[in-house]
Amino acid sequence: MNDRPEIRKHLSRYDQALAVHCAQTGLCGVRHGLERRLATWLCLASDAADARVLPVTHEYLSSVLGLRRAGVTETLSQFQEQRLIRKRRGLLEIDERKCLEQRACGCYSLVSDAYASCESYASS
């Protein structure tokens, strides 16, 4: 790390982005409703995986978000009825990303911007 200060700077920026993510996730859990939290999580996961198809189950989503599975299933069904996503066994495919982002709370843009700042530093 002492020999490569650019790596130290990059790791420091990533550490800051991760801290923002953790803190914002905690706040989101107590301030925002199920629909907004789920939309935010799906957008962030899609960004992280750089994919429209996510290998997740309803059980996993309920666990990671600290929500009842029935509520997750109901909300995902609403998203599917609105043609935002398509559910398949063990997979969720995001069809209308921009609309899903509009359903997400402001936490999505805060966390996304933190990671984008880290990435833009790395590419410069």
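The structure is a predicted model, in which local features need pLDDT of at least 70, side-chain atom pairs count only at pLDDT 80 or more, and totals for chains, interfaces and linings use all residues. Residues are numbered from 1 along each chain as its sequence is written, and side-chain values use heavy atoms, with hydrogens and water left out. The protein chain contains 6 helices and 3 strands; helices (H or I, at least four residues) and strands (E, at least two) are DSSP runs, numbered from the N terminus. In sequence order the pattern is α-α-β-α-α-β-β-α-α.

**Whole chain**

- The C-alpha trace spans about 55 × 25 × 25 Å along its principal axes.
- Of the 124 residues in the protein chain, 33% are buried; buried means under 20% relative accessible area, exposed over 50%, and partly exposed in between (1.4 Å probe, protein chains only).
- Among contacts with a separation of 6 or more, 63% join residues 24 or more positions apart, where contact means heavy atoms within 4.5 Å.
- The protein chain has an accessible surface of about 7,800 Å², and carbon and sulfur atoms contribute 50% of it. Accessible areas come from the Shrake-Rupley method with a 1.4 Å probe; for residues, only the protein chains shown count as cover.
- There are 18 positive and 15 negative charges, and their mean positions are 3 Å apart. Lys and Arg count as positive and Asp and Glu as negative, while His and the chain ends are not counted. Each charge is placed at NZ of Lys, CZ of Arg, CG of Asp or CD of Glu.

- Two packed helices are described by the angle between their axes and the distance between the axes.
- Axes are lines fitted to C-alpha atoms, for helices over the stretch in contact, and angles run from 0 to 180 degrees between N-to-C directions.
- Helix H2 (residues 34-49) and helix H3 (residues 58-65) have axes that come within 11 Å and cross at roughly 105°. H2 is therefore roughly perpendicular to H3; angles under 35 degrees count as roughly parallel, over 145 as roughly antiparallel, 65 to 115 as roughly perpendicular and the rest as oblique.
- On the H2 side of this pair, Arg 37, Leu 38 and Trp 41 meet Tyr 60, Leu 61, Val 64 and Leu 65 of H3.
- The axes of H2 and helix H4 (residues 69-81) come within 10 Å, with a crossing angle of roughly 75°. H2 and H4 are therefore also roughly perpendicular to each other.
- Here the H2 residues are Leu 34, Glu 35, Leu 38, Ala 39 and Leu 42, which meet Gly 71, Val 72, Thr 75, Leu 76, Gln 78 and Phe 79 in H4.

**Residues in helices**

- Gln 24 lies in helix H1 (residues 5-31) and counts as buried because its relative accessibility is 16%. Neighbours within four places in sequence aside, Gln 24 is in contact with Cys 107, Leu 110 and Val 111.
- Val 64, in helix H3, is partly exposed at 40% relative accessibility.
- Lys 98 belongs to helix H5 (residues 97-103) and is exposed at 61% relative accessibility. Lys 98 and Cys 43 are 55 residues apart in sequence, and their C-alpha atoms are 9.5 Å apart.

**Residues in loops**

- Most residues other than glycine have a negative phi.
- Asp 50 is not a glycine, yet has a positive phi of about 50°. Asp 50 lies in the loop between H2 and strand E1 (53-54) and is exposed, at 72% relative accessibility.
- Arg 83 likewise has a positive phi, near 60°. Arg 83 sits in the loop between H4 and E2 and is exposed, with a relative accessible area of 63%.
- Ala 51 is in the loop between H2 and E1 and counts as partly exposed at 26% relative accessibility. Ala 51 and Ile 94 are 43 residues apart along the chain, with their C-alpha atoms separated by 8.8 Å.
- Arg 89 is placed in the loop between strand E2 (85-88) and strand E3 (91-94) and counts as exposed at 84% relative accessibility. Arg 89 and Ser 62 are 27 residues apart in sequence and 15 Å apart in space, C-alpha to C-alpha.
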